[in-house]
Amino acid sequence: MYNFGKTTQMPFIKIYIHIVFSTRNKVPYFDTSELRIQVWKHIKENASGKGIFLDMVNGYSDHCHCLISLSSNQNIEKIVQLLKGESSYWINKNQLTKEKFAWQDEYFAVSVSESKIESVRNYIKNQESHHKKKSFTEEYQEFINKYNFK
């Protein structure tokens, strides 16, 4: 048994989750890179302000990828609710889209092992070039198949 000492008052946790959520009905609201950058930056700042460790955020015109690390008092559902709810409110408040903006209710969330963090970061970082070759619908189907979602 290892003695962590009397000064250690916190758990040691590192649980990475890759989360993907789309715009309602996969409408391509984020049709410019400037708008995407603005939204992803806001999501990152909002997450930080709420104590959510958002390692990486990016996406394309109709969806968003987030790599987060959960702390001991957080759960996936609450994190996703905070990220999606606040960002859709902010997008609508600032009239960043022509129509009322909303995220789809559903989302993907899969755990990421420590050895795969860098490849997931690269995957998220390269969404722009990735989606020149593949639609979100194709990517969505790959997630369904790869992670055996039924």
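My entries follow, from the ground rules to the sheet and then the rings.

**Ground rules.** I'm working on a predicted model, where local features need pLDDT of at least 70, side-chain atom pairs count only at pLDDT 80 or more, and totals for chains, interfaces and linings use all residues. Residues are numbered from 1 along each chain as its sequence is written, and side-chain values use heavy atoms, with hydrogens and water left out.

**Sheet.** I looked up the strand order and got an open sheet of four, β2-β3-β1-β4, with antiparallel pairing. The edges are β2 (53-60) and β4 (108-112), each pairing on one side only. Direction ignored, neighbouring strands here are turned by 20° against each other on average. Helices (H or I, at least four residues) and strands (E, at least two) are DSSP runs, numbered from the N terminus; two strands pair if DSSP finds at least two bridges between them. Between β2 and β3 (residues 63-70) I found seven bridges, antiparallel. N58 has H65 in β3 as its bridge partner.

**Helices.** Helix α1 (residues 33-49) lies across β2 and β3, at about 160° to β2. Helix α2 (residues 76-93) also packs on the sheet, where it touches β1, β3 and β4, and its direction makes about 135° with that of β3. The angles run from 0 to 180 degrees between N-to-C directions, with axes fitted to C-alpha atoms, for helices over the stretch in contact.

**S22.** This one sits in strand β1 (residues 15-22). S22 counts as buried because its relative accessibility is 7%; the cut-offs are under 20% relative accessible area for buried, over 50% for exposed, partly exposed in between (1.4 Å probe, protein chains only). Beyond four places in sequence, S22 has contacts (heavy atoms within 4.5 Å) with D62, H63, W103, Q104 and F136.

**Rings.** How many aromatic pairs does a search of the whole structure find? I got ten. Rings of Phe, Tyr and Trp (its six-membered ring) pair if their centres lie within 6.5 Å; planes under 30 degrees apart are stacked, over 60 edge-to-face, the rest tilted. F30 and W40 come out edge-to-face because their planes are at 75°, with centres 5.4 Å apart. F30 is in the loop between β1 and α1, and W40 in helix α1, ten residues apart. F30 is buried at 1%, W40 at 6%. F30 and F101 are tilted, since their planes are at 40°, centres 5.4 Å apart. F101 lies in the loop between α2 and β4, so this pair ties together parts 71 residues apart in sequence. I logged one aromatic cluster formed by F21, Y29, F30, W40, F101 and W103.
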